Amino acid sequence: MLENRNINVCLVSDLFENYPLSENTIVVVVDLLRATTVISTAFNFGVKEIIPVPSLEIAKTYIDREDFIVAAERNAMPIKGFDYGNSPFQYMNNDILDKTLVLTTTNGTKAINIASNYEVITSCFINIDAVEEFLLNSNKDVLILCSGWKGVFNLEDTIFSGCLANKLISSKKFNVNCDSTLASLNLYEQAKHDYFSFLSNSAHRKRLKFLNIEKDTEFCLNPDFKSKIIPTLKNGKLVAL
Ligand code: MLT
């Protein structure tokens with residue numbers, strides 16, 4: 001039986017309020033390069049929970065607290081005075097085991113906070129299979145929320161959204177009445193054979209290349225491990241569903 005469920009893609013978090021939302025909507029936040037990849041990496045390596053904060057000032061209030069790690073990024077660069085930045089490779093260690101990670105990034109944590117009045121999970125290529133299964137079994141509408149870059153569109157979040165949307169729509173459980181979803185599906189079809197090459201001229205890949213961290217881009221687009229953990233927002237904290 002075709003379930004009457006809707007899927008939408010919001011291409012930039014600033015447009016979030018323009019979309020049909022209810023308690024029957026699951027918001028999937030995506031910031032592929034690199035915040036939601038960092039989030040899944042940190043959970044995979046044993047972090048206890050993650051507090052996504054919107055500002056550096058709030059993040060600073062957690063510094064020096066026992067069993068807390070405080071991470072900050074702006075313009076793809078780590079911020080002086082904080083324990084960590086926003087590279088997934090920083091979280092591939094046992095130092096984060098059972099710690100609370102406080103994270104603030106340019107776009108990704110902003111998107112999570114924008115959607116915080118709704119049911120929110122985060123996704124990336126590390127946990128996309130688990131997220132697909134969870135959403136198919138949820139019997140809820142889905143809004144994939146692209147973080148974008150400082151209020152404008154980016155390619156990588158849209159391509160990922162197309163990949164996830166394609167999986168969901170293939171189940172025949174979702175209706176598509178959203179041009180952003182159609183656009184993301186088309187971009188995904190063009191990029192799916194080689195994300196890294198397709199994004200060779202993308203703004204954020206060039207930003208990260210300029211900072212000599214192309215390895216982050218390569219990992220985020222093709223991670224070498226998968227996780228079944230679905231980071232889920234509960235009372236302002238991301239916990240492992
Ligand atoms: C973001 O949250 O805007 C991105 O993850 C920035 C980055 O760290 O590359």
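The model is predicted: local features need pLDDT of at least 70, side-chain atom pairs count only at pLDDT 80 or more, and totals for chains, interfaces and linings use all residues. Residues are numbered from 1 along each chain as its sequence is written, and side-chain values use heavy atoms, with hydrogens and water left out.

**Overall build**

- The protein chain holds 9 helices and 11 strands; these are DSSP runs (helices H or I, at least four residues; strands E, at least two), numbered from the N terminus.
- Its radius of gyration is 17 Å, close to the 18 Å that the globule rule gives for 241 residues, so the chain is as compact as a globular protein of that length. The radius is taken over C-alpha atoms, and the rule is 2.2 Å times the number of residues to the power 0.38.
- Along the principal axes, the C-alpha atoms fill a box of roughly 55 × 40 × 30 Å.
- Of the contacts with a separation of 6 or more, 76% join residues 24 or more positions apart. Contact means heavy atoms within 4.5 Å.

**Burial**

- Buried residues make up 57% of the 241 residues. Buried means under 20% relative accessible area, exposed over 50%, and partly exposed in between (1.4 Å probe, protein chains only).

**Salt bridges**

- The whole structure has 9 salt bridges, each a side-chain nitrogen of Lys or Arg within 4 Å of a carboxyl oxygen of Asp or Glu.
- One of them pairs Asp216 with Arg34 at 2.9 Å, N to O. Asp216 lies in helix 9 (residues 214-221) and Arg34 in the loop between strand 2 (25-30) and helix 1 (35-44), so the pair ties together parts 182 residues apart in sequence.
- Both partners are buried: Asp216 at 0% relative accessibility, Arg34 at 4%.
- Another pairs Glu49 with Lys237 at 3.4 Å, N to O. Glu49 lies in strand 3 (residues 49-52) and Lys237 in strand 11 (residues 237-240), so this pair links parts 188 residues apart in sequence.
- Glu49 is buried at 11%, whereas Lys237 is partly exposed at 31%.
- Lys215 also bridges to Asp216, at 3.5 Å, N to O. Shared partners join Arg34, Lys215 and Asp216 into one network.
- Lys215 is partly exposed, at 44% relative accessibility.

**Around Glu132**

- Glu132 sits in helix 4 (residues 128-136).
- Leaving aside neighbours within four places in sequence, Glu132 contacts Leu164, Lys167 and Leu168.
- The C-alpha atoms of Glu132 and Leu168 are 6.7 Å apart, across 36 residues of chain.
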